Amino acid sequence: MLERLREHFAACPLLEENAPIHVDGLRPEPVNYALGALGGETVAEEYVDGSSLKRFPFAFSAMLYGLEDGDRLESDALMETLAAWMEAPENLPLLEEGQKANRMRVPERGGRTDTSGGDAFAAYRMKCELEYVKAGA
């Protein structure tokens with residue numbers, strides 16, 4: 001699932017072009033992004049035809065510039081805009097055969113989580129959830 005999400009975010013017009021999207025961890029220098037699973041997927045509903053509604057919780061993280069107030073405001077605005085983009089029904093990811101994305105939610109938009117880069121840059125993290133239908137066997 002993370003690889004499908006990675007492909008999806010690589011095509012996002014809001015993210016910096018050609019910036020790497022890592023799995024399970026940011027690199028210490030800006031600009032890069034990361035996706036990570038938050039536990040495993042859960043089955044929300046099972047249907048008579050064998051299909052099921054599943055939820056996949058994940059985190060989207062970004063290492064962005066934060067030297068000046070303007071940089072921090074721009075980074076905060078990017079994360080807010082990205083959360084809205086993720087939740088828009090027209091921006092659902094393409095999944096594997098037999099799976100169809102239903103919706104994406106960002107229940108925790110978070111903010112700066114790590115400033116170990118001093119004032120030069122900071123990490124941001126949002127908790128997200130992909131809800132999808134998986135066809136029966």
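Buried means under 20% relative accessible area. I'm keeping that cut-off at hand, since this is a predicted model and I want to sort a few residues by it.

**Asn91**
I looked up Asn91 and got a relative accessible area of 15%, so Asn91 is buried. Asn91 lies in the loop between helix 2 (69-87) and strand 5 (99-108). What does Asn91 touch beyond its neighbours within four places in sequence? I found His8, Trp85 and Met104 in contact with Asn91.

**His22**
Next I checked His22, which belongs to strand 1 (residues 21-23). His22 counts as buried because its relative accessibility is 15%. I skipped residues up to four places away in sequence and listed what His22 touches: Arg27, Asn32, Tyr33, Ala34 and Leu35. With Arg27 there is also a polar contact, side chain to side chain, at 3.5 Å.

**Strand 4**
Then I went through strand 4 (residues 52-65). Twelve of its 14 residues are buried, so the rest of the structure largely encloses strand 4.

Which strands pair with strand 4, I wondered, and over how many bridges? I noted these:
- Strand 2 (residues 32-37) pairs with strand 4 in the antiparallel sense, over six bridges; Ala37 has Phe58 of strand 4 as its bridge partner.
- Strand 3 (residues 42-46) is also antiparallel to strand 4, with four bridges, and Glu45 sits opposite Leu53 of strand 4.
- Strand 7 (residues 121-134) runs antiparallel to strand 4 over 14 bridges; Phe58 has Cys128 of strand 7 as its bridge partner.

Last, I looked at the turn: strands 3 and 4 make a hairpin with five residues between them. Gly50 in that turn has a positive phi of about 95°.

Methods. Residues are numbered from 1 along each chain as its sequence is written. This is a predicted model: local features need pLDDT of at least 70, side-chain atom pairs count only at pLDDT 80 or more; totals for chains, interfaces and linings use all residues. Side-chain values use heavy atoms; hydrogens and water are left out. Helices (H or I, at least four residues) and strands (E, at least two) are DSSP runs, numbered from the N terminus. Buried means under 20% relative accessible area, exposed over 50%, partly exposed in between (1.4 Å probe, protein chains only). A polar contact is a pair of N or O atoms within 3.5 Å; within protein, one must be able to donate a hydrogen and the other to accept it, and residues adjacent in sequence count only if both atoms are side-chain atoms. Contact means heavy atoms within 4.5 Å. Two strands pair if DSSP finds at least two bridges between them.
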